[in-house]
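Me: I'd like a close look at one part of this model, please. Take me through it step by step, with the cut-offs as you go.

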Amino acid sequence: MLMSLRRLLAMLLATGLALGSVTAHAATDWPTRNITIIVSYSAGGATDILARKVAEGLTTLLGKTVIVENRPGAGGTLGTTLAANAKRDGYTLFLGQVSSHGIAPNLYTTLKYDPVKSFAPIIYLESIPNILVVNKDVPVNSVDELIKYAKANPDKLNFASSGIGASTHLSGEMFKSQAGIQMTHIPFPGSAQAVTSVISGQTQLMFDNMPSAYQYVLSGHLKALAVTTPKRVPQAPNIPTLAEAATVAKMPDFEATAWFGLFAPADTPKDIIERINVAANELLKKPEVIKFMHDGGAVPAGGTPQDLAKHVASELAKWKDVIEKAGVSKQ
Amino acid sequence: MDLFANIAMGMGVAIQPVNLAFCFIGTVLGTLIGVLPGIGPTATMALLLPLTFGLPTEAAIIMLAGIYYGAQYGGSTTAILLNLPGEMSSVVTTLEGHQMAKQGRAGSALAIAALGSLFGGSVATLVLAAFSPLMTLVALSFQAADYFALILFGLLMSVVLAHGSVIKSIAMVVAGVALGVIGVDINTGQFRFTFGMMELAEGIDFVPLAMGLFGVAEILRNLENRGGASATVIALSRLWPTRDDVRRSWPAVMRGTGLGSLLGVLPGGGATLASFASYSLEKKVAAEPDRFGAGAVEGVAGPESANNAAAQTSFVPLLTLGLPTNAVMALLVGAFIIQGVQPGPMMLMQQPALYWGLIASMWIGNLMLVIINLPLIGLWVKLLRVRYDYLFLAILLFCAIGAYSLSNSGFDVLVTVLFGGIGYLFMKIGCEPAPLLLGFVLGPMLEENLRRALMLSRGSLMTFVERPISLTILIVLAATLLMLALPSMRKKREATFVEEEA
């Protein structure tokens, strides 16, 4: 109760301040008031938790309070649209992810934002690897064995996902087409139920986000075959990458991660973008932030706004290809 | 000995000051709304749901659970003293309890109700602790086809056990299912029934729906009979049962506890059903059935133990299968999801502290209830004189704030208001909203599991009869339908409701 009241007060305060400063400020005295990071998912989710950590760090580094505003809805596209249309004054930022700037633009035809034209990239924050896990009773112990098993038993395997168009689904589709195997996609509403179905043997495998599945690998309920990153993951150095593990079918560029980046609406002044980028890079070097990300199964990123722009471009192209090959119907 | 180690761990969680405090708040709130007629646990939990957001997970769930079983206690106080059941589940308590009060045995009735509840609650908590880890193991072998059969059975039972017209109950379940499927179809990603409104793309949120149907609608209805029916409070004499009452009560308490524990686990069951069933049972086994209706203490002891026992054991299917069996449990699913916890077979392993902490808190909560209830009965009765106008205003305000804070959007407030109006309409035409809520939560699960089962079987319908669990449930379901169709059963069902109206 206290929390929601406090949040309400913060919002009222923020609106009041916004009305008080209609004239655009010269970028030199930015920031003079609170900065808002829009999150297009509910509080408590992975995106929200990261945004709150970033907001907390930027508050110290920029000297003004950075608040997180949750605007969930429409599969996450509602908040993205709001951010795309926000004022370009540096006081509204957006926590973009693989969905808003990779998958959704290729999946929905009705989007009211353009992932490239509507946004100015600031910084690539982190990526969370997906991990290929199989039920412990499936008689395979490596990616090669899995591919052979799938070829010997056509369409016997089912792979679970946390929903149509999620990175967990499209990783599976990408694997299917690159390995040349047949398996059936079984979508669930969320990772928890999907991974439960792999544990119980209702489905046989899944490309799950690492933090959700890895605990069951450690407890022996699931077998981990590979991670979907170009390099091995520091938290689990003995699990090979898919590129390393797959030899019967070559998949050298297999990369499928849930990633997060900070954006501003397009045409936000360059020097403001630059200042946030410098501050965020500094933040990503702090040991406690690195630990926070590692604990969440993530790999910290960083770099220039151009790095994030390049990443977005390659993600958009990759998922376009996967969605077309998998024949996922567009909205 | 694992059981004891687990319970010890749970105790460790439950006696943390924060959790103890929220357990206390929950049970007091539960008692409070139990005492106040017209405001039930479903409405209260719906109203408080958005406010649990900022709480630690354990504290939030412990508090909400406390409201549920606390209400079973509070409801009996007014039932006995005022002939005014605070809750559905204490309707039968008025039958004998108020008679006892009229004969000057109010204290005895209250004490028996409280102690019977404590016994029923404690035993059922043990059943829950002992039984649910086993259930969790079984639950992992439940596949989509089995879930489908079980949910179908649950929806059917909610129709069978609802009060009043079967046609109306079916209509409510179907309406709930229809509302539930609004939004993105998880199998294809297509939008369904959104009428181009982006706000509906993820479906109607459970919280504003429940707050409207239960909270706002209840208030609207209560505003109608303002100032009416000022109840006569019967003065309290001594607060200790006579030796004779104790002698007559304890077998009834045992039977009530057993029956309640069993009925709580069944889909569609819960506290209300348990108390009605226990009353019928006591009447049947009584040596002198004539005493019933004239202050038979067994008629208080049995149902009060039964409703509390059932309130505890109805957590079993929720905690092990992730399936809510009644409207209150459906609300708790919402609470778990808000906290980022998926109720289901993996919960015990993933969240052992939450799991055992909740169970231990129930036992502590039951003890707290006896302590706060017996000495404070006078205070609770005074509460009935609080002006409802102020209370309602405050509740509505919190409703609006709560709905808004869900996703910072005015849309959810509108949904709350809309369903408040609809819920009021339902009451006017005698439709119970509980089956709708259950349909709303279970409907999408039903569809999902049906389609998932068929995808896994590559389209073969045989999967539902090939799997032993699914087959067994479907046979039970068919048998239930058959029994309902028999004229003798129909008569019995009607008889239950005649008793209820008495």
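Reply: Happy to. Do keep in mind that this is a predicted model, in which local features need pLDDT of at least 70 and side-chain atom pairs count only at pLDDT 80 or more, while totals for chains, interfaces and linings use all residues. Residues are numbered from 1 along each chain as its sequence is written, with chains lettered from A and ligands numbered from 1 in the order in which they are written.

Chain A is assigned domain 1, made of 2-127 + 257-326, and domain 2, covering 130-245; such bounds come from an automatic or database assignment. Taken over C-alpha atoms, the centres of domain 1 and domain 2 of chain A are separated by 30 Å. Where they touch, 14 residues of domain 1 of chain A are in contact with 15 residues of domain 2 of chain A (C-beta atoms, placed from the backbone, within 7 Å). On the domain 1 side, the elements that give two or more residues are α4 (98-107), β9 and α12 (305-326) of chain A (DSSP runs numbered from the N terminus, helices being H or I of at least four residues and strands E of at least two). The most comes from α12(A), with five residues. By class, this side of domain 1 of chain A has nine nonpolar, four polar and one charged residues.

Strand β3(A), residues 92-97, is mostly covered, with six of its six residues buried (20 or more other C-beta atoms within 10 Å; exposed would be 12 or fewer, partly exposed in between). In a regular strand, side chains alternate between the two faces of the sheet. Here Thr92(A), Phe94(A) and Gly96(A) point one way from β3(A), while Leu93(A), Leu95(A) and Gln97(A) point the other way, and all are buried.

β3(A) also has two strand partners to look at, where pairing takes at least two DSSP bridges. With β1(A), residues 35-39, β3(A) pairs in the parallel sense over three bridges. With β9(A), residues 257-265, β3(A) runs antiparallel, and four bridges join the two.

Ile38(A) has Phe94(A) as its bridge partner in β3(A), and Phe94(A) in turn has Phe263(A) as its bridge partner in β9(A). Phe94(A) is buried as well, pointing the way that Thr92(A) and Gly96(A) do.

Note on methods:
Two residues are in contact if their C-beta atoms, placed from the backbone, lie within 7 Å. Ala, Val, Leu, Ile, Met, Phe, Trp, Tyr, Cys and Pro count as nonpolar, Asp, Glu, Lys and Arg as charged, and the others, Gly among them, as polar.
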